[in-house]
Amino acid sequence: MKKVMFISSGGGHLNELLQLSPLFKKYQYSLITEKTETTVYLKDKYQSVSYLLYGTKEHLFKYLFIFSFNIIKSLWLFIKYQPDAVVTTGTHTAVPMCYIAHLMGKKVIYIETFANAKTPTKAGPIIHKVADKFIVQWPDMVKFYDKAEYWGWIF
């Protein structure tokens, strides 16, 4: 059975990613997100959940420490779960994992967030470089990415 890692930051990105939860039955999956008060319930609902540190760019020094820690933890989680593919709705939390997967020769599937209908996210152009499949949810977003595919909404 193929191993698929589903990863995103919390909030809306996670909500979008969880729209794909019917796929969990088809694969040996792992779910990775940031640990917050609103995500701790996932451990009770899904069988394979891991957390990264939550961090925003509001406090730059703290964010750089958290991001560096998350890179190391992402490598450890990649080795632990050994996914065949990484599926993500972004954002900064998922960037290191996508690059690790790419460097290890695994598939990277990125779904640009529904929230951005007219402009790219910050993570989109960074992950676009390594994505094997780059999906957008709005037709206008295709113009920003040369290998983007419009698939419509995942809601």
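# Questions on a predicted model

Modeller: The backbone nitrogen of Ile154 lies 3.2 Å from a polar atom in the side chain of Gln137. This model is predicted.

Colleague: What makes the pair of Gln137 and Glu16 side chains a polar contact?

Modeller: A polar contact needs N or O atoms within 3.5 Å, one able to donate a hydrogen and the other to accept it. The side chains of Gln137 and Glu16 come to 2.7 Å. That value is within the limit, so the pair counts.

Colleague: Where is Gln137 found?

Modeller: Gln137 is in the loop between β6 and β7, the latter being residues 148-150.

Colleague: How do you know whether Gln137 is buried or exposed?

Modeller: Buried means under 20% relative accessible area. Gln137 has 1%, so it is buried.

Colleague: Which residues does Gln137 touch, leaving out those up to four places away in sequence?

Modeller: Glu16 and Ile154 are among them. So are Ile111, Glu112, Thr113 and Phe114, along with Tyr150, Gly152 and Trp153.

Colleague: Why is Ser8 called buried?

Modeller: Ser8 has a relative accessible area of 0%. The limit is under 20%, so Ser8 is buried. Ser8 belongs to strand β1. Residues up to four places away aside, its contacts include His13, Leu14, Ile32, Thr88 and Thr93.

Colleague: And Leu52, buried or exposed?

Modeller: Leu52 comes out at 2%, under the 20% limit, and is therefore buried. Strand β3, residues 49-52, holds Leu52. Neighbours within four places aside, Leu52 is in contact with Ile7, Ile32, Thr33, Asn70 and Leu77, among others. Leu52 and Thr33 are 19 residues apart along the chain, and 6.0 Å separates their C-alpha atoms.

Colleague: Why is Gln82 called partly exposed?

Modeller: Partly exposed lies between the buried limit of under 20% and the exposed limit of over 50%. Gln82 has 49%, so it falls in between. Gln82 sits in the loop between α3 and β4. Its phi is positive, about 45°, although Gln82 is not a glycine.

Colleague: How do you know that the peptide bond from Gly90 to Thr91 is cis?

Modeller: Omega of that bond is near 0°. Thr91 is in the loop between β4 and α4.

Colleague: Which residues of α4 are buried, and what covers them?

Modeller: In α4, residues 95-103, the buried ones are Val95, Pro96, Met97, Cys98, Ile100 and Ala101. Their cover includes β1, α3, β4, β5 and α5.

Colleague: What makes a set of residues a nonpolar core?

Modeller: Buried residues of listed nonpolar kinds form a core where side-chain atoms within 4.5 Å join them. The largest such core here has 25 residues. Ile7, Ile32, Val86, Met97, Ile127 and Phe134 have the most contacts inside it. Each of β1, α3, α4, β5, α5 and β6 supplies at least two of its residues. The largest share is five residues, from α4. Apart from this core lies another, of 16 residues, including Leu18, Leu31, Leu42 and Ile111.

Colleague: What is Phe134 in contact with, beyond four places in sequence?

Modeller: Among its contacts are Tyr110, Gly124, His128, Tyr145 and Ala148.

Colleague: How much space lies in the largest pocket?

Modeller: About 350 Å³. Its lining has 18 residues, and those closest to its centre are Leu23, Tyr27, Val87, Ile109 and Trp151. β1, β4, β5 and β6 each give two or more residues. β5 gives the most, with three. By class, the lining has 13 nonpolar, one polar and four charged residues.

Colleague: What makes a space a cavity, and how many of 30 Å³ or more are there?

Modeller: A 1.4 Å probe fits inside a cavity but cannot get out. The count comes to one of 30 Å³ or more. The largest cavity holds about 50 Å³, which is over that cut-off. Its lining includes Glu34, Tyr63, Ile66, Phe67 and His92. Helix α3 gives the most to this lining, with four residues. By class, the lining divides into four nonpolar, four polar and one charged.

Terms used:
Residues numbered from 1 in each chain as written. Predicted model: local features only at pLDDT ≥ 70, side-chain atom pairs only at ≥ 80, totals over all residues. Heavy atoms only, no water. Buried < 20%, exposed > 50% of the residue type's maximum accessible area, 1.4 Å probe, protein only. Contact = heavy atoms within 4.5 Å. 1 Å grid on protein atoms, 1.4 Å probe; cavity = no way out; pocket = protein on both sides within 12 Å on 5 of 7 lines; lining within 4 Å. Points joined across faces, edges and corners; volume = space filled by probe spheres on them. Nonpolar A, V, L, I, M, F, W, Y, C, P; charged D, E, K, R; others polar.
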